[in-house]
Amino acid sequence: METGREASEMVQDINDCILENYPECNNPRVFYIIPYFCGQHPKCRDPGEWALQRAKENMNENYLLVGILEELEDVLLLLERLLPHYFKDASAVYHSSEYKKLGNGTNTVKKQVPSPEALKVLYQRMRYEYNFYNYVKDQFHLLKRKFGLKTRASAPNKQYEIASQMESPGPGHDDDDNAWLKDIYR
């Protein structure tokens, strides 16, 4: 299949890809978790404070638990406690040898760590996603404390660490934020 790309571009440096705005590294769809939690309002498709705040509200009001993959074992423990009928022994299954056999045996070829400059560009492009992730993580840690689970102090991956530069409170909802929904049923 012809993609219109030179063979040398297929193994390009990740930093060049990000900093030179190649389409594969400058996808406007990097904004994809927030729309999922935000909902069906048309404003949920546009990256911004409104969609971010709506996603946070919906997460708080409509989800029993939103976990993070880095702490999957704790997610399973919380699910065992919150919904024991459905998640009884989930941690045991996760640690079982049968489950480990199902593991993914793939590896990234020529994996590169992005440069600090490239990471800053990515952070800027994904700032709302980072903000939402940090909010989810904070809420997850609060829930863990309520159930007596300790949050492990894990050392952050310094290769990918970027200080949060974009912390700002979001604006409230307009009075007719749900007007679009009323029009659907007319």
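**Exercise 1. List the residues that Glu80 touches, leaving out those up to four places away in sequence.**

Step 1: Start with the cut-off: a contact means heavy atoms within 4.5 Å.
Step 2: With residues up to four places away in sequence not counted, Glu80 touches Phe87, Asp89, Ala90, Ser91 and Ala92.

A quick word on the ground rules before we go on. This is a predicted model, where local features need pLDDT of at least 70 and side-chain atom pairs count only at pLDDT 80 or more, while totals for chains, interfaces and linings use all residues. Residues are numbered from 1 along each chain as its sequence is written, and side-chain values use heavy atoms, with hydrogens and water left out.

**Exercise 2. Work out where Glu80 sits and what its side chain reaches.**

Step 1: Glu80 belongs to helix H5; helices are DSSP runs of H or I with at least four residues, numbered from the N terminus.
Step 2: Glu80 is buried, and buried means under 20% relative accessible area (exposed is over 50%, partly exposed in between, with a 1.4 Å probe and protein chains only).
Step 3: Look for a salt bridge, that is, a side-chain nitrogen of Lys or Arg within 4 Å of a carboxyl oxygen of Asp or Glu. Glu80 has none, and Arg81, the nearest side chain of opposite charge, is 6.6 Å away. For charges, Lys and Arg count as positive and Asp and Glu as negative; His and the chain ends are not counted.
Step 4: The Glu80 side chain does reach the backbone nitrogen of Ser91, at 2.7 Å.

**Exercise 3. Find the buried residues of H5 and the helices they pack against.**

Step 1: H5 covers residues 72-82, and its buried residues are Asp74, Val75, Leu76, Leu78, Leu79 and Glu80.
Step 2: These buried residues pack against H6 (84-87), H7 (90-95) and H10 (127-146).

**Exercise 4. Is Glu71 buried or exposed, and what does Glu71 touch?**

Step 1: Glu71 lies in the loop between H4 (49-62) and H5.
Step 2: Glu71 counts as buried because its relative accessible area is 14%.
Step 3: Beyond residues up to four places away in sequence, Glu71 touches Phe140, His141 and Lys144.

**Exercise 5. Classify Leu83 by its accessibility.**

Step 1: Leu83 is placed in the loop between H5 and H6.
Step 2: Its relative accessibility is 30%, so Leu83 counts as partly exposed.

Note on methods
Helices (H or I, at least four residues) and strands (E, at least two) are DSSP runs, numbered from the N terminus. A polar contact is a pair of N or O atoms within 3.5 Å; within protein, one must be able to donate a hydrogen and the other to accept it, and residues adjacent in sequence count only if both atoms are side-chain atoms.
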